[in-house]
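Me: I want to know what stands behind the words used for this model. Please set each value against its cut-off.

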Amino acid sequence: MYYTSNCSFNFSPNTLLPKMLMNRISCTLKNDIVRSIGHCTEVPRNVNMEKLQHGYLFPEIERRELLHLKKYPHANVIDLGIGDTTKPLPEIVTSSMVDFVHGLSTAEGYKGYGPEQGEKAMRKAIADAFYKDLGIKPSEVFVSDGAQCDISRLQLLMGPNLKIAVQDPSFPAYIDSSVIIGQAGKFVDRAGKYENIEYLTCRPQTDFFPDLQTTSRPQLIFFCSPNNPTGHAATRKQLEQLVNFAKVNGSIIIFDAAYSAYITDDSPKSIFEISGAREVAIEVSSFSKFAGFTGVRLGWTVVPEELLYSNGFPVLHDFNRIMCTCFNGASRIAQAGGLACLSPEGLNALQSLVDYYMENARILVNALTSLGLIVYGGKNAPYVWVHFPGSNSWNVFAEVLEKTHIITVPGSGFGPGGEGYIRISAFGQRDSIIEASKRLKNLLYQKEL
Ligand SMILES: Cc1ncc(COP(=O)(O)O)c(C=O)c1O
């Protein structure tokens, strides 16, 4: 049964319907998503949007959570799925945003548009705080409304005609934004992969690093360290190999350092710690996870002057153009908060937040390993990557949700390389983490009986 806005009818191919409506209905059937037909425009759907598989991972998980709550309205659901922060912001950060906001209602404090690339002081503070001794100039730092938005703007910058490679498993935004911009071929169900995108398999057996010997020559390489979802931070040696690979093959690395604040060992926190990276890499990063700014929205991208296109033109100039045309500068309020984050007092307070989440990760890792499970991550990132060999990860997700009321993320949502795993986020409140550990222990203990 298909519905119009004010009537319903049984669809039969023999029904005499106007041709235009038939077209719309067959399109509706093909996509098997749209259930209502009101007024349709003559604008065709973007073919790249049509290629996208399912919903974006996290809305799909939310949908399942809602269904679960319908079934168990009184369940105390613990959400360790989407990696959203839960701890309040330090007072020094909020008070500086409040002061700025109050200033906006005064003649002296009012400010309109800011520079599209970010406030001068903010760009300098980022260069000083994260790239000290790495030679990054404030003019190479572009302040933004978050790393995910920058990933899409970088796709817009690079355009549709590039061959890209991504770690598998990896944060879904790299592949989805590649599909949207038109870099992907069709989705091959059997493989769980898009044509024309190279999936760089990163498994524990190879220390979560791809086999570069068998990798073709991608033009863009998305590489995230510490990786979401595996929690693995690439070693210096691995990143040296990656930079060398990019140099030999003429590729550009888009390095996502959104979780660098969580690194506890001597793994590099920035790709620019690697010699030669300035000629082959762009780095995106964010205040979301290290400062709890998931809702405030602030991030940045570093584009070094030495990074050039094949014709010798600096990438930085084009990225500047994209930021001016497609963005318009990060919120001044968020930047006031960001500046406070990077003050000595702010950095101290934020280190406590990072330590808190990493203690959560330690609790989860201990609980799961005590049950004999194979667990990765949790040492350099607030994600715990749990292996259930031979299992389908959506089934594990569903069983954990059904029996413990805990939301996790099925590993296959991060690419075919995530099949057999679930990701558990350590960004919860401590009491939820302790309760979740107990429930998981009970579930797995009962399964063994
Ligand atoms: C690897 C990675 N990059 C970027 C983002 C998004 O960051 P932002 O909140 O700055 O858009 C996330 C969010 O989960 C992430 O996991």
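This is a predicted model: local features need pLDDT of at least 70, side-chain atom pairs count only at pLDDT 80 or more; totals for chains, interfaces and linings use all residues.

Me: What makes the unit of β10, α8 and β11 right-handed?

Reply: The test is to look with the strands pointing away from the viewer and follow the path from the first strand over the helix to the second; clockwise means right-handed. The path from β10 over α8 to β11 is classed as right-handed, so it runs clockwise in that view.

Me: How do you know that β10 and β11 pair, and in which sense?

Reply: Pairing needs at least two bridges. β10 and β11 have five, in the parallel sense. They therefore count as paired. Within this pair, F223 stands opposite F255 in β11.

Me: Which strand does β6 pair with, and over how many bridges?

Reply: β6 (residues 164-168) pairs with β10 over three bridges, in the parallel sense. A165 stands opposite I221 in β10.

Me: What is the strand order of the sheet that holds β10?

Reply: The order is β5-β13-β12-β11-β10-β6-β9. That is an open sheet of seven strands, and its pairing is mixed.

Me: What makes β5 and β9 edge strands?

Reply: Each pairs on one side only. β9 covers residues 197-201. Neighbouring strands of this sheet are turned by 20° against each other on average, direction ignored.

Me: Where does α8 pack?

Reply: Helix α8 (residues 236-249) packs on the sheet. It touches β10 (220-224), β11 and β12. Its direction makes about 150° with that of β11.

Me: How many bridges join β11 to β12?

Reply: Four, and the two strands run parallel. β11 spans residues 252-256 and β12 spans residues 281-286. I253 stands opposite A281 in β12.

Me: Why is β10 called mostly covered?

Reply: A residue is buried if 20 or more other C-beta atoms lie within 10 Å of its own. Five of the five residues of β10 are buried, so each of them meets that cut-off. Both faces are covered. L220, F222 and C224 are on one side, with I221 and F223 on the other.

Me: Why is α11 called largely enclosed?

Reply: Eight of its 10 residues are buried, so the rest of the structure largely encloses the helix. α11 runs over residues 332-341. The buried ones are A334, Q335, A336, G337, G338, L339, A340 and C341.

Me: What covers the buried residues of α11?

Reply: The cover includes α4 (91-104), α5 (120-130), β5 (141-144), α9 (288-291) and α12 (344-369).

Me: Why is L371 called partly exposed?

Reply: L371 has 15 other C-beta atoms within 10 Å. Buried takes 20 or more, and exposed takes 12 or fewer. The value for L371 falls in between, so L371 is partly exposed. L371 lies in the loop between α12 and β14.

Me: What is L371 in contact with, beyond its neighbours within four places in sequence?

Reply: K441 and L444. Contact requires C-beta atoms within 7 Å. L371 and L444 are 73 residues apart in sequence, but their C-alpha atoms are 7.4 Å apart in space.

Me: What is the order of the four-stranded sheet that holds β14?

Reply: β14-β15-β18-β17, open, with antiparallel pairing. β14 (374-377) and β17 (409-410) each have a single partner strand, so one side of each lacks a neighbour in the sheet. Four bridges join β14 to β15 (residues 383-387). Helix α13 (residues 393-404) lies across β17 and β18 (421-425), running at about 45° to β18.

Me: How do you know that the radius of gyration agrees with a compact globule?

Reply: With 449 residues, such a globule would have a radius near 22 Å; the protein has 23 Å, so the two agree. The C-alpha trace spans about 70 × 60 × 60 Å along its principal axes. Of the 449 residues, 42% count as buried.

Me: Which residues does UniProt list for the aminotransferase domain?

Reply: The unreviewed UniProt entry lists residues 76-426 for "domain: Aminotransferase class I/classII large". Over those residues the chain is 35% helix and 17% strand.

Key. Residues are numbered from 1 along each chain as its sequence is written. UniProt positions are given in the numbering used here, feature names are shortened, and annotations may be inferred rather than shown by experiment. Two residues are in contact if their C-beta atoms, placed from the backbone, lie within 7 Å. The radius of gyration is taken over C-alpha atoms; the globule rule is 2.2 Å times the number of residues to the power 0.38. Axes are lines fitted to C-alpha atoms, for helices over the stretch in contact, and angles run from 0 to 180 degrees between N-to-C directions.
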